[in-house]
Amino acid sequence: MRKMWIAAMAMSLAFAINGCAGGSNTTTTSAETTAESTEAETTTAAETEASEAESSTAEAESAAEVMSYEEYMAADLDTQVVVEAYVQAKQSWWEDKATVYAQDENGGYFFYNLACSEEDYEKLVPGTKIRVTGYKTEWSGEVEVIDASFEIVEGDTYVAEATDVTELLGSEDLIQYQNQFVSFTDLTVEAAGKDANGKDVAFLYNWDGSGTDGDDLYFNVSSNGQTYTFTVESYLCDNTTDVYAAVKGLEIGQTIDAEGFLYWYEGVNPHITAVTVK
């Protein structure tokens with residue numbers, strides 16, 4: 001009985017309110033105006049968000065634009081760069097970081113501690129094209145890319161032939177070939193230092209002779225009256241490689257040809273990958 005009475009009173013009250021309001025046109029119009037305003041604001045907000053998204057995408061695409069070698073070399077140090085190049089040799093992998101020599105038809109690159117899983121490292125065979133995003137920097141004269149990530153670019157491949165730069169040894173133009181695969185001809189093996197008995201030797205383990213078998217090999221060669229220090233980087237060519245054995249067998253006064261990557265450390269310091277005794 002209480003529920004029926006409450007329902008009847010509620011219906012009477014509703015009719016009374018509608019009668020006092022003098023109809024529903026004003027309320028409907030107000031609601032429609034509010035809805036239209038809300039819809040307009042929502043549309044404007046959506047358009048603004050879309051515009052901002054497009055702008056962000058455009059900025060990201062611009063930032064990711066691949067540089068030519070000339071643009072890369074002209075870029076300031078400590079700025080972000082994006083380049084594409086072809087793997088020429090892998091120097092090392094450790095704790096998901098790889099160090100790689102790469103090159104295209106115009107110049108060479110040294111990617112130091114590139115973020116790379118061990119699985120992806122196996123895919124970086126000579127000739128593989130990669131797109132690298134990182135920061136251009138310089139260490140003791142060596143221009144390199146650090147703090148970088150990469151992706152493999154499917155398609156064409158490229159393996160560079162060695163460029164003979166013998167005549168550029170000692171010239172300012174030699175650095176233009178930094179990090180490229182190069183060759184040297186008719187070099188004379190010079191003394192690299194002395195052994196424990198004070199005898200001249202053709203190579204040293206480490207730059208000061210402090211190392212042992214398996215460490216880097218340092219040896220000196222001369223061309224046109226000037227002497228240069230070459231290195232067999234053990235991470236690039238370890239003590240199981242032909243070049244490591246060849247350098248250990250060098251004798252002072254021999255004439256040799258050599259190939260390798262034109263690394264730089266306080267001056268030219270090639271990382272040698274092949275030696276031929278003439």
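## A buried asparagine

Strands here are DSSP runs of at least two residues, numbered from the N terminus. The model is predicted. In it, Asn-179 is found in the loop between β6 (163–164) and β7 (181–190).

Is Asn-179 buried or exposed? Its relative accessible area is 3%. Buried means under 20%, so Asn-179 is buried. Its contacts, leaving aside neighbours within four places in sequence, include Tyr-101, Ala-102 and Gln-103. Gly-108, Tyr-109 and Phe-110 are also among them.

## The largest pocket

The largest pocket has a volume of about 480 Å³. Its lining is made of 20 residues. The closest to the pocket centre are Gln-91, Tyr-112, Glu-233, Tyr-235 and Tyr-263.

Which strand gives the most to this lining? β1 does, with four residues. β1 (80–94), β2 (97–103) and β3 (108–115) each supply at least two residues. By type, the lining divides into 10 nonpolar residues, seven polar and three charged.

## Aromatic pairs

The whole structure holds 14 aromatic pairs. One of them joins Tyr-101 and Phe-110: the ring centres are 4.8 Å apart and the planes meet at 50°, so the pair is tilted. Tyr-101 is buried, with a relative accessible area of 0%. Phe-110 is buried too, at 2%.

Trp-139 and Tyr-265 form another tilted pair, with ring centres 5.3 Å apart and planes at 40°. Trp-139 lies in strand β4 (residues 129–139), while Tyr-265 is in the loop between β13 (255–261) and β14 (271–277). The pair therefore ties together parts that are 126 residues apart in sequence. Trp-139 is partly exposed, with a relative accessible area of 48%. Tyr-265 is partly exposed as well, at 41%.

## A ring cluster

Which residues do ring pairs link into a cluster? They are Tyr-101, Phe-110, Tyr-112, Phe-181, Phe-261 and Tyr-263. Tyr-112 and Tyr-263 are among the residues closest to the centre of the largest pocket.

## Lysines over rings

Two lysines sit over tyrosine rings. Lys-90 lies over the face of Tyr-121, at 4.2 Å from the ring centre. The charged end of Lys-136 sits over the ring of Tyr-72, 5.3 Å from its centre.

Conventions:
Residues are numbered from 1 along each chain as its sequence is written. This is a predicted model: local features need pLDDT of at least 70, side-chain atom pairs count only at pLDDT 80 or more; totals for chains, interfaces and linings use all residues. Side-chain values use heavy atoms; hydrogens and water are left out. Buried means under 20% relative accessible area, exposed over 50%, partly exposed in between (1.4 Å probe, protein chains only). Contact means heavy atoms within 4.5 Å. On a 1 Å grid over the protein atoms alone, a cavity is a set of points where a 1.4 Å probe fits but cannot get out, and a pocket is an open set with protein on both sides within 12 Å along at least five of seven lines; lining residues have an atom within 4 Å of a point. Grid points are joined across faces, edges and corners, and a volume is the space filled by probe spheres set on the points. Ala, Val, Leu, Ile, Met, Phe, Trp, Tyr, Cys and Pro count as nonpolar, Asp, Glu, Lys and Arg as charged, and the others, Gly among them, as polar. Rings of Phe, Tyr and Trp (its six-membered ring) pair if their centres lie within 6.5 Å; planes under 30 degrees apart count as stacked, over 60 as edge-to-face and the rest as tilted. A charge sits over a ring if NZ of Lys or CZ of Arg is within 6 Å of the ring centre and within 35 degrees of the ring normal.
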